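These are my notebook entries on one structure. I set down each item in the order in which I looked it up.

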Amino acid sequence: MHSNFMDAVRARSSQAIASGELQPIVAEEVLIQDQGLPFTIRWVAALAAKDAAAREIAKDAAARDAAARGEAAGGPAVPDAAGDPAARSAAAGAPAPSARQAVVLPGGPRDPDFNPFLKPDPALLVGPVGEHHAAILNKFPVCLHHLVLARRAFAEQLSPLEEIDFRALASILSAEGGLGFYNGGAAAGASQRHKHVQWIPDAPGNVSLRALAAGLPADQAQGAIVRHPALDLAHCFVRVDAGLGADAGSSARAMLIAFGQACAALDLRPGADGLLPPCNMLVGDGWMLVLPRSQEHFQGVSLNALSFGGTFYVRDPAQIDAIREAGPLRALASVGVPG
């Protein structure tokens, strides 16, 4: 990682924000303690706006379909879903392009016909990270300078992480610190099938593993596998040489080994199709957390890797109450696998 990489990230971020291509989320925060652990719930009003926009688009699509049926009987012709981006997106359950631009949400829409990583938007592209990845500003960031590290060639998101993926992460973690993470599959919160990992910087209010790591046994040797007493679900923490100041090459290999150890301990093995079961991975500050997933949502709230770092994103205040009533740890357990 060249020394001015973050200068390039900051410059591209400033340009993208100024042009309107990038709109960091604006959210209100509620803090909740559960078994002494801090959790942040961020209410993103734009998520509710997305739902309303999707409903309007669906209504428009239904009207077009009705008109098209009339045209078949001799009425006027109208664009069909195959030729109309808005109708096609609505049919796929995603906002139309104009709605995507107007609504900002962490993770972004799921549109099976759209791959933002194969040919990245030049306004969001930072540049290469090693030989196999490109650093792209996340179109729907959870914080400033939130990066996607996407494979240049397509690979399935649920294919096992390889050393090249950890090299991309290590090059940034070693130079800048912060948190690397992976959402393995839709049930784990992934919005795209194209292989990618993500990174967020170390900054006040940003997600990290520090709160959970404080409850782990101290002075663990590299490669040690431990469980957190407050997490009532299958998971494991692995002590790993990862984070600010680590040698990038050695750290990438150590992370690959740690991920393999965790997958073996959790029985996360590729199926006949070569793909892993849904899972999340978070890594930073000397620890890696890996956990299998059973489903994406708790009470309608999408939970991804960052939820296990202590931050939830909700659409409306009622969902805040649902998480408060159940407790964040119980919410997390409900989307994991018993263990």
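**Entry 1: Cavities**

I began with the second largest cavity, and I found its lining made up of Ser13, Leu22, Leu137, Asn138, Pro141, Cys143, Leu144, His145 and His146. I note at the outset that the model is predicted. The volume of this second largest cavity comes to about 40 Å³.

I then turned to the largest cavity, for which I have a volume of about 70 Å³. Its lining consists of Leu37, Pro38, Phe39, Ser208, Ala211, Leu212, Leu231, Phe308, Gly309, Gly310 and Leu332. I asked which elements supply at least two residues each, and they are strand E2 (37-43) and helix H6 (210-213). Strand E2 gives the largest share of this lining, with three residues. By class, I have eight nonpolar, three polar and no charged residues around the largest cavity.

**Entry 2: Helix H5**

I next examined helix H5, which covers residues 163-176 and has 14 residues. From its first C-alpha to its last, H5 reaches 19 Å, and this is close to the 20 Å expected at 1.5 Å a residue.

Is H5 largely enclosed or largely open? Ten of its 14 residues are buried, and I therefore describe H5 as largely enclosed by the rest of the structure. The buried residues are Ile164, Asp165, Phe166, Ala168, Leu169, Ala170, Ser171, Ile172, Leu173 and Ser174. After H5 I came to glycine 177, which has a positive phi near 75°.

**Entry 3: Aromatic pairs**

I listed the aromatic pairs and counted three. One of them joins phenylalanine 166 and phenylalanine 259 in a tilted arrangement, at 5.9 Å centre to centre and with 55° between the planes. Phenylalanine 166 belongs to helix H5 and phenylalanine 259 to helix H7 (residues 248-266), so this pair ties together parts that are 93 residues apart in sequence. I checked the exposure of both partners. Phenylalanine 166 is buried at 0% relative accessibility, and phenylalanine 259 is buried at 4%.

Another pair that I noted is formed by phenylalanine 237 and tryptophan 287; this one is edge-to-face, with 6.1 Å centre to centre and 90° between the planes. What does this pair tie together? Phenylalanine 237 sits in strand E9 (residues 236-239) and tryptophan 287 in strand E11 (residues 287-292), so the pair links parts that are 50 residues apart in sequence. For phenylalanine 237 I have a relative accessible area of 0%, which makes this residue buried. Tryptophan 287 is buried as well, with a relative accessible area of 6%.

Glutamine 35 is not a glycine, yet its phi is positive, at about 50°. I located glutamine 35 in the loop between strand E1 (28-34) and E2. With 61% relative accessibility, glutamine 35 counts as exposed.

Aspartate 285 also has a positive phi, near 55°. I placed aspartate 285 in the loop between strand E10 (279-284) and E11. Is aspartate 285 buried, partly exposed or exposed? I find it partly exposed, at 37% relative accessibility.

**Entry 4: Two residues and their contacts**

I looked up alanine 187 in the loop between strand E6 (179-184) and strand E7 (196-200).

My last item was glutamine 319, in helix H8 (residues 317-326). Glutamine 319 is buried, and I have a relative accessible area of 10% for it. Leaving out residues up to four places away in sequence, I found that glutamine 319 touches Gln299, Gly300, Val301 and Val314.

Key
Residues numbered from 1 in each chain as written. Predicted model: local features only at pLDDT ≥ 70, side-chain atom pairs only at ≥ 80, totals over all residues. Heavy atoms only, no water. Helix = DSSP H or I, 4+ residues; strand = E, 2+ residues; numbered from the N terminus. Expected span 1.5 Å × (residues − 1). Buried < 20%, exposed > 50% of the residue type's maximum accessible area, 1.4 Å probe, protein only. Phe/Tyr/Trp six-rings, centres within 6.5 Å; stacked < 30°, edge-to-face > 60°. Contact = heavy atoms within 4.5 Å. 1 Å grid on protein atoms, 1.4 Å probe; cavity = no way out; pocket = protein on both sides within 12 Å on 5 of 7 lines; lining within 4 Å. Points joined across faces, edges and corners; volume = space filled by probe spheres on them. Nonpolar A, V, L, I, M, F, W, Y, C, P; charged D, E, K, R; others polar.
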